[in-house]
Amino acid sequence: MAEKKVRKIEATAPLRAAQSLAPMKKRRVAAYARVSTDKDEQQNSYEAQVDYYTAHIQGNPEWIFAGVYSDAGITGTSMKKRDGFNQMVADALAGKIDLILTKSVSRFARNTVDSLTTVRKLKEKGVEVYFEKENIYTLDSKGELLITIMSSLAQEEARNISDNTAWGQRKRFADGKMSLGYSHFLGYKKGAADGEMEIVEEEAVIVRRIYAEFLAGKSTYDIAARLTEDGVPTPAKKTVWHASTVDSILHNEKYKGDAILQKRFTVDFLSKKTKKNEGEYPQYYIENNHPAIIRPEVFEMVQEEFRRRQAAGGHAQCKTPFSGRIVCADCGGFYGRKVWHAGSKYAKVHWHCNNKFQKRRYCSTPTLKEESIEDCFVAAFNSLLSRKEEIAENYAFCLDAITDTSAYQARLDAINRECGELSTLINALLQKGSKQSGSLQEINRQYEEYVARYDALQQEKQEVSTQIALCAAKRVQVGAFLTELEKRKTSLSKFDPLVWQATLNHMRVNPDCTVTFVFRDGTEVSRPIENGVRQYKKRRGTEGTTDDK
């Protein structure tokens, strides 16, 4: 085999630094400016950056001004919402820019991955970035290493800023201080004098309407559709309402004048992703924080109504306050709404058991006219008004006793302590097992024993928590019932759906054409109901379809 010969070809072009490799033609130069907040002092800094780069580029005879791209009040940890930055990169990749000037690595991006990815994309197209503070040219041989180091430092700085901001926010929560996004919140504005929440009455009317319609039997979907049809603007000033928006308003404690702080927290400081606080961090409940749009008892009635609908099957299409409130004494099923002679001048709304024709032994309970139900309830409620002082006096002595949760709460505290102790024991046992080289039989036995006890405690915790919730619900129900009785100075002259919702638990229809009203305090009032229509085994041809439960 012949010996290899190597011949050296001498270099003929001198080595030059990347930043001095300016082409003979003028370079198209752009700049990028950004500040991370839109406060006044930052806004001044932002404007100063734009003015500086405009003058700096136009003052260099070797450069052609390609514009100043900017983002004001935008975070640097992600490129997703930085429109100016993204447009600049797109223009550079399209061949419109040769050199990009920016103040520092941290102004360009605080995310190492985003920073390096962008620089490499630009580098492939021959586009150079110059970071003034660090004196780094990205086409320089050592530029990428320096950028990696500086970007990592900038990312760590962003982490520290995020941690400090989160700490400060939690300190504000602990001090009972809160902030609110008024531009997307219906019913309130920031007070001009003291910065506290003030009611916007024209928007508060919409909030009260939503609560009233829900208590009148409407679903969140129905309410959203009606608001959209009526041209009512959403909290975000959009034209189309969604059921989720209505649901959020109905569950928001701020409308009763209270505030829960730290409902959500930031999971990742780079993506700014947040999640619901499910016990990871403490929450703070402030009572009477600001003026209420909804009376507290009305708010609690709505929460109880949500629970009742869910327990009754979670009907999505509740159209009247009777939905899920009328029960057949014969089979235990719900009464449903039917329209007889639908579409004609003789159309009438009736209610009968939904199970009446679904089994061989037909329910013997009657079909009822809707107006008969309303009249019968008015008479039953008025009979309670005649002895409201007696009812209120009785509850003054026993309400605290029947809704006392102190024993349950003490047991819940004990369960939490024992669960914490078990968690410590389990962790210690796992660490011991990881270091042990011999048999793990005894450790496995102890582990299974601890886990079984922990699971049993968790089950008991759920049961105790349920009992506490039931006591709280009972207090709310009885309180709303007594409040409604107390404020009624005269008898009802006609059916009021809000009184029905506030005072009644359910109505039971009996086979003998009587109905029993079971009120929220447990009082039962039975009355005969007029215009009961007996339903026989064969379905009538004039009957409409089932609209609701």
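Predicted model: local features only at pLDDT ≥ 70, side-chain atom pairs only at ≥ 80, totals over all residues.
**Entry 1: Glu203**

I started with Glu203, which sits in helix 6 (residues 201-215). Helices here are DSSP runs of H or I with at least four residues, strands are runs of E with at least two, and both are numbered from the N terminus. Residues are numbered from 1 along each chain as its sequence is written, and side-chain values use heavy atoms, with hydrogens and water left out.

Buried means under 20% relative accessible area, exposed over 50%, and partly exposed in between (1.4 Å probe, protein chains only). A salt bridge needs a side-chain nitrogen of Lys or Arg within 4 Å of a carboxyl oxygen of Asp or Glu.

Leaving out residues up to four places away in sequence, Glu203 touches Phe185, Leu186, Gly187, Tyr188 and Lys237. Contact here is heavy atoms within 4.5 Å.

I looked at Lys237 next, in the loop between helix 7 (220-229) and helix 8. Lys237 has a positive phi of about 65 degrees although it is not a glycine. Most residues other than glycine have a negative phi. Cys513, in the loop between strand 16 and strand 17, is another non-glycine with a positive phi, about 60 degrees.

**Entry 2: salt bridges**

I got 15 salt bridges for the structure. Arg28 and Asp98 meet in one at 3.0 Å, N to O. Arg28 is in strand 1 (residues 27-35) and Asp98 in the loop between helix 2 (83-93) and strand 3 (99-102), so this pair links distant parts of the chain, 70 residues apart. Arg28 is partly exposed at 28% relative accessibility, whereas Asp98 is buried at 17%.

Arg209 lies in helix 6 and Asp230 in the loop between helix 7 and helix 8, so the pair ties together parts 21 residues apart in sequence. Arg209 is partly exposed, at 23% relative accessible area. Salt bridges with shared partners join Arg209, Glu213, Arg226 and Asp230 into one network.

**Entry 3: cores and rings**

Which residues have the most contacts inside the largest nonpolar core? I noted Ile373, Phe377, Trp500, Met507, Phe517 and Phe519, in a core of 34 residues. The term covers buried Ala, Val, Leu, Ile, Met, Phe, Trp, Tyr and Cys residues joined through side-chain atoms within 4.5 Å. Among the elements giving two or more residues to this core are helix 10 (370-385), helix 14 (497-503) and strand 17 (514-519). Helix 10 gives the largest share, eight residues. Apart from this core lies another, of 28 residues, among them Tyr188, Tyr211, Leu215 and Leu250.

I then counted 18 aromatic pairs. Rings of Phe, Tyr and Trp (its six-membered ring) pair if their centres lie within 6.5 Å; planes under 30 degrees apart count as stacked, over 60 as edge-to-face and the rest as tilted. Tyr188 and Tyr255 are stacked, because their ring centres are 6.2 Å apart and their planes at 25 degrees. Both tyrosines are buried. Phe377 and Phe381 also form a stacked pair, with 6.2 Å between centres and 25 degrees between planes. They are four residues apart in helix 10, so about one helical turn separates them. Ring pairs link Phe322, Trp351, Phe377, Phe381, Phe495, Trp500, Phe517 and Phe519 into a cluster.

**Entry 4: Arg325**

Is Arg325 buried or exposed? I found Arg325 buried, at 0% relative accessible area. Arg325 lies in the loop between helix 9 (296-311) and strand 12 (326-328). A polar atom of the Arg325 side chain is 2.9 Å from the backbone oxygen of Leu504. Beyond four places in sequence, the residues that Arg325 touches include Glu304, Glu305, Trp500 and Arg520.

Terms used:
Polar contact = N/O pair within 3.5 Å; in protein donor to acceptor, adjacent residues only side chain to side chain.
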